[in-house]
Amino acid sequence: MTDENEFGMKLEEFVSYRIGHGDSISTAERRARRIKTVAKYIDVNKVDTGSIFRYVEERLRKGIKKKSLRIELMDLQRWYEFLGFNVMLPKLKKEPDPDPFIPTSDDIVKMRKFCLSKKDKYTWIRNLAILDLLTTTGMRAGELIRANIEDFKGDSINIRSEKGERDRSVPLPKWMQEELREYIENYRYK
């Protein structure tokens, strides 16, 4: 048997091992694919911290995102645990999350005008309704995805919480009620 076949069999064992340690099948298989990729650069069957550090430096130099490299190192850590090695791999600092985009009133007006200027009313009246529901009611994206026609009560909308909170009913301004009614009656795909 060739070394490549042995490595392939070892990766299959690793997948089973990871599933037995709580990974889903897809996560375990993804980890194995990453190990296979890392194996193109370093010998993953032995611990050589110098090679690992050089690998990290090279990948960073080539522009890989730290988050992606952190995931590779975490998978490599799991691989070494599977092989029975007790090793501490380099830790990369997590980049700060970017500030969230919060549209200004002017941004919202521009987005509404853009939606209204489009010819494909079936798509753009829906997009306008989505924009207005998000900005008028304060509902989360996940709550919007869960919304049904039955949740629209004419003068209010019932919002089913996605975070285990109580469901809530939010009153809608008159213009929003008319906009939703127009969308539902004239533009919603049935």
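Trainee: Which residues do ring pairs link into a cluster?

Mentor: Please keep in mind that this model is predicted. Ring pairs join Phe7, Phe14, Tyr17, Trp79 and Phe82 into a cluster. The structure as a whole holds nine aromatic pairs.

Trainee: How are the rings of Tyr17 and Phe82 placed, and what name does the pair receive?

Mentor: One reads the distance between ring centres and the angle between planes; planes under 30 degrees apart count as stacked, over 60 as edge-to-face and the rest as tilted. For Tyr17 and Phe82 the centres are 5.2 Å apart and the planes stand at 55°, so this pair is tilted. The pair links distant parts of the chain, for Tyr17 belongs to helix H1 and Phe82 to helix H4, 65 residues apart. Tyr17 is partly exposed at 25% relative accessible area, whereas Phe82 is buried at 17%.

Trainee: What angle do the ring planes of Tyr80 and Phe85 make?

Mentor: Their planes lie at 80°, with centres 5.9 Å apart, so the pair is edge-to-face. Tyr80 is buried, with a relative accessible area of 0%, while Phe85 is partly exposed at 34%.

Trainee: Is Gln177 buried or exposed?

Mentor: Burial is judged by relative accessible area, and buried means under 20%. Gln177 has a value of 9%, so this residue is buried. Gln177 lies in helix H8, which spans residues 174–187. Apart from neighbours within four places in sequence, Gln177 is in contact with Phe152, Gly154, Asp155 and Leu172.

Key
Residues numbered from 1 in each chain as written. Predicted model: local features only at pLDDT ≥ 70, side-chain atom pairs only at ≥ 80, totals over all residues. Heavy atoms only, no water. Helix = DSSP H or I, 4+ residues; strand = E, 2+ residues; numbered from the N terminus. Buried < 20%, exposed > 50% of the residue type's maximum accessible area, 1.4 Å probe, protein only. Contact = heavy atoms within 4.5 Å. Phe/Tyr/Trp six-rings, centres within 6.5 Å; stacked < 30°, edge-to-face > 60°.
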